There are 2 protein chains.
Amino acid sequence: MRRRMRQEPIEVPGFRFGAAACGIKPSRRPDCGLVVADDPVPVGAVFTRNRFAAAPVVLGRERVAQGRLQVLFVNSGNANACTGPRGLADARRTTRLVGARLGVPASAVAPLSTGVIGVPLPMKKLERGIQAASGDASSGGLWRFARAIRTTDAFPKVAFERVQVGGATITVAGVAKGAGMIAPDMATLLVFLFTDATLSPAQARWLARCVAGGSFNELSVDGDTSTNDSLYVLASGRSGGPLRRGSADLDRLRVASVGVGERLARLVALDGEGATKAVSIEVSGAATRAAARRVVEVVSRSLLVKTALHGADPNWGRIACAVGYSGESFEPRRVTIAIGDVVVFRRGCGVAGARAAARRRMLRDEFSIRIELGDGPGTARMITSDLSPAYVRFNSAYTT
Amino acid sequence: MRRRMRQEPIEVPGFRFGAAACGIKPSRRPDCGLVVADDPVPVGAVFTRNRFAAAPVVLGRERVAQGRLQVLFVNSGNANACTGPRGLADARRTTRLVGARLGVPASAVAPLSTGVIGVPLPMKKLERGIQAASGDASSGGLWRFARAIRTTDAFPKVAFERVQVGGATITVAGVAKGAGMIAPDMATLLVFLFTDATLSPAQARWLARCVAGGSFNELSVDGDTSTNDSLYVLASGRSGGPLRRGSADLDRLRVASVGVGERLARLVALDGEGATKAVSIEVSGAATRAAARRVVEVVSRSLLVKTALHGADPNWGRIACAVGYSGESFEPRRVTIAIGDVVVFRRGCGVAGARAAARRRMLRDEFSIRIELGDGPGTARMITSDLSPAYVRFNSAYTT
């Protein structure tokens, strides 16, 4: 789904953003993006749990562990994943080249890559991209950065909030890359939050976990992840003073950051590869939170549910069936299923006459499906997208 | 995929088969099938583990527990699932009607249903179907039975073997209903094995478990099952004497039965809803058998893998990525991936020059993908199908 977003200029004091096209993508579209802080700044990050973590993830983990970074360099079009020792050497060399160009130590640079798996990085091209993107960096370049890091994304994804913290106005700006179908599979997800709040490295790490847990893990980023998934939080400290642990100010910053993360997550669910809807699947009344999570995952991934979402078919039988094979125990007669505000299934049977109203809800771009199991206090939620013929055509013909 | 099978006449001494159209299907195609043994015969069965087990499954479990049955009555077009107490009453009434028509006690009849979920059985129509199918029963009716129990199946599925057991020639004939896409979701699977071997009820139960474990569970029937999945084994005892436990004769019968089950499983994987390939995913070298099973399930269900299968794209990156997010631990550098006999991934990297040969393997209807993890003795296998735009179109437009 192509979204027209008004691309209003967004600046985050303390950060500059650059982009360039160096020819990694055959399309010659921008494929290098760069974020540079004025100084090394506190950083937190959450990375993929995929066992085949890509070289930039391996190196990124190492660099983030230092607590501070000054530059992130992203290339799209090549994931530098499953590239063996050469891939790790290429990632290290990338950070040396970026550092040399910008006059910062390589250890203050983290690399990110997204695109085709299993092909070595074209270092000659990348070198040109590093030069150009570094030269391009400016405080107004956030949208250019967002466009450059795309692969199959139909549109760039940006969200931001301004929040009053201790008398100062703090900006939280988010950029994401990733297209639909995240939940059942592993199109790479890159997420960045930039803020001018003053955080310690520990607070930046905590904020990264909050954003991941509060939004992107509901796109299933936590379990079924690509080789390259990464979420970074950088805090320049240009606005306001330090934030005390447990303070209302820090909590406001957390809420704003999670809100930015959630909007980015919905944009990802709505984007590309034939997705036309972002549907929130909400399970309650499970025996435990883990049980709710398993039910929500099974329903979110069911091909029959996802194709019914595409056809706006209020087929509660497919939903009930997926709940039934989730492996969780519950009493079928206590289960209630609602599409939007329309109850379609109750006490083991369909609700007569609910079909037309439920279908109207399903014709919307965004709606929720609520599943109450009547078995305990466990709840979970996941954002999923519909499955369209276009997705399958696209992924049958394209080597990611 | 439409398969032209030569429909050679198959008879199993001791059984007659009937079919009829009673109008449950709007298409007016046959929608009632019946199997009647000359006397009550030993029966074994394996049923869905779905928590929303359909009424005929609930009643079938009860009837099979007796150890012997004389009649199976199947309707297609309506699953009698999620139909509450009325559904169970309708299932019981069906067996009474069948019993009355054939002069056997209702308790010697088991009902099966497959089709739309959540709609009560149209009992008036069904009554006509029972009359007609009973009148139609003959020893040569196996193919008609196979055609009548279809829902979205493009072709009837029949397989058989003849095997020498203790000097006698024993027939094992199998009939299945179910279309592609079994592994990731829950198109209903009905499977029947009929043999004229002489078995005890305990041996029939054991044989049903062997067939389920050796073939259909590799289509993931065990975990992710529809509300109605059922596998029945009936043994008329018309040929040969009793088979001793642990004897070579019984083992030959087991091998023949599992072979019939496996052929039916491949036919299901190849059938309908846009599937064009049956691909065997084979995992070895996992820490345990359970770990191998989890890896094989994740790979078999990955949408990106299944779309790559459709496009005959030897995209080992998608396979490796799915292995990587399976949650199982292994050493990425020890992993080897082969498509057919072509190794495409070894020691953490793609194999140069393997692409063209691997693609040729993938253009076939049936091939295997082998994944060696290098971590232990665990193995597992699963048959999956490709994911095509036709599948998605079909399931977006159709209420199952």
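Which domains does the domain assignment give for chain A? The answer is domain 1, covering 15-270, and domain 2, covering 278-397. This is a predicted model. Taken over C-alpha atoms, the centres of domain 1 and domain 2 of chain A are separated by 32 Å.

## The sheet of chain A

Start with the strands of chain A. Six of them form an open sheet. Read across the sheet, the order is β12-β11-β10-β13-β9-β14. The pairing is mixed. Two strands sit at the edges: β12 (349-350) and β14 (378-385) of chain A. Each edge strand pairs on one side only.

Now look at β13(A) and its partners. Strand β9 (residues 278-286) of chain A pairs with strand β13 (residues 366-372) of chain A in the parallel sense. Seven bridges link β9(A) and β13(A). Within β13(A), Phe367(A) is the bridge partner of Val279(A). Ser280(A) stands opposite Ser368(A), also a residue of β13(A).

Strand β10 (residues 336-339) of chain A is joined to β13(A) too. Here the two strands run antiparallel, with four bridges between them. Ile337(A) stands opposite Ile371(A) of β13(A). So much for pairing in this sheet.

Helix α6 (residues 248-270) of chain A lies across β9 and β14 of chain A. The direction of α6(A) makes about 45 degrees with β14(A).

## The sheet of chain B

Turn to chain B. In chain B, an open sheet of six strands has the order β12-β11-β10-β13-β9-β14. Its pairing is mixed. The edge strands are β12 (349-350) and β14 (378-385) of chain B, and each of them pairs on one side only.

Strand β9 (residues 278-286) of chain B runs antiparallel to β14(B). Seven bridges join β9(B) to β14(B). Glu282(B) stands opposite Arg381(B), which belongs to β14(B).

Two helices of chain B touch or cross these strands. Helix α6 (residues 248-270) of chain B lies across β9 and β14 of chain B, at about 45 degrees to β14(B). Helix α10 (residues 355-362) of chain B packs on the sheet. The strands that α10(B) touches are β10 (336-339), β11 (342-346) and β13 (366-372) of chain B. The direction of α10(B) makes about 125 degrees with that of β11(B).

## Helices packed on helices

Next come the helix pairs. Two packed helices are described by the angle between their axes and the distance between the axes.

| Helix pair | Angle | Axis distance |
|---|---|---|
| α1(A) and α2(A) | about 55 degrees | 8 Å |
| α7(A) and α9(A) | roughly 135 degrees | within 9 Å |
| α8(B) and α9(B) | roughly 155 degrees | within 9 Å |

Take α1(A) and α2(A). Helix α1 spans residues 55-64 of chain A, and α2 spans residues 84-102 of chain A. Their angle of about 55 degrees makes α1(A) oblique to α2(A). The crossing of these two helices is right-handed. On the α1(A) side, the contact is made by Ala55(A), Pro56(A), Val58(A) and Leu59(A). On the α2(A) side, Gly87(A), Leu88(A), Asp90(A), Ala91(A) and Arg92(A) take part. By class, this contact of α1(A) with α2(A) has six nonpolar, one polar and two charged residues.

Now the pair α7(A) and α9(A). Helix α7 covers residues 289-301 and helix α9 covers residues 316-324, both of chain A. They cross at roughly 135 degrees, which makes α7(A) oblique to α9(A). The crossing of α7(A) past α9(A) is right-handed. In α7(A), Val295(A), Val298(A) and Val299(A) meet Ile319(A), Ala322(A) and Val323(A) of α9(A). What classes do the residues of this contact of α7(A) with α9(A) divide into? Six are nonpolar, none is polar and none is charged.

An angle over 145 counts as roughly antiparallel, so α8(B) and α9(B) are roughly antiparallel to each other. The crossing of α8(B) past α9(B) is left-handed. Leu304(B), Val305(B) and Ala308(B) of α8(B) meet Arg318(B), Ile319(B) and Ala322(B) of α9(B). The residues of this contact of α8(B) with α9(B) divide into five nonpolar, no polar and one charged.

Notes:
Residues are numbered from 1 along each chain as its sequence is written. Chains are lettered from A and ligands numbered from 1 in the order in which they are written. This is a predicted model: local features need pLDDT of at least 70, side-chain atom pairs count only at pLDDT 80 or more; totals for chains, interfaces and linings use all residues. Two strands pair if DSSP finds at least two bridges between them. Two residues are in contact if their C-beta atoms, placed from the backbone, lie within 7 Å. Axes are lines fitted to C-alpha atoms, for helices over the stretch in contact, and angles run from 0 to 180 degrees between N-to-C directions. Domain bounds come from an automatic or database domain assignment. Angles under 35 degrees count as roughly parallel, over 145 as roughly antiparallel, 65 to 115 as roughly perpendicular and the rest as oblique. A crossing is left-handed if the near helix is turned anticlockwise from the far one by less than a right angle, and right-handed if clockwise. Ala, Val, Leu, Ile, Met, Phe, Trp, Tyr, Cys and Pro count as nonpolar, Asp, Glu, Lys and Arg as charged, and the others, Gly among them, as polar.
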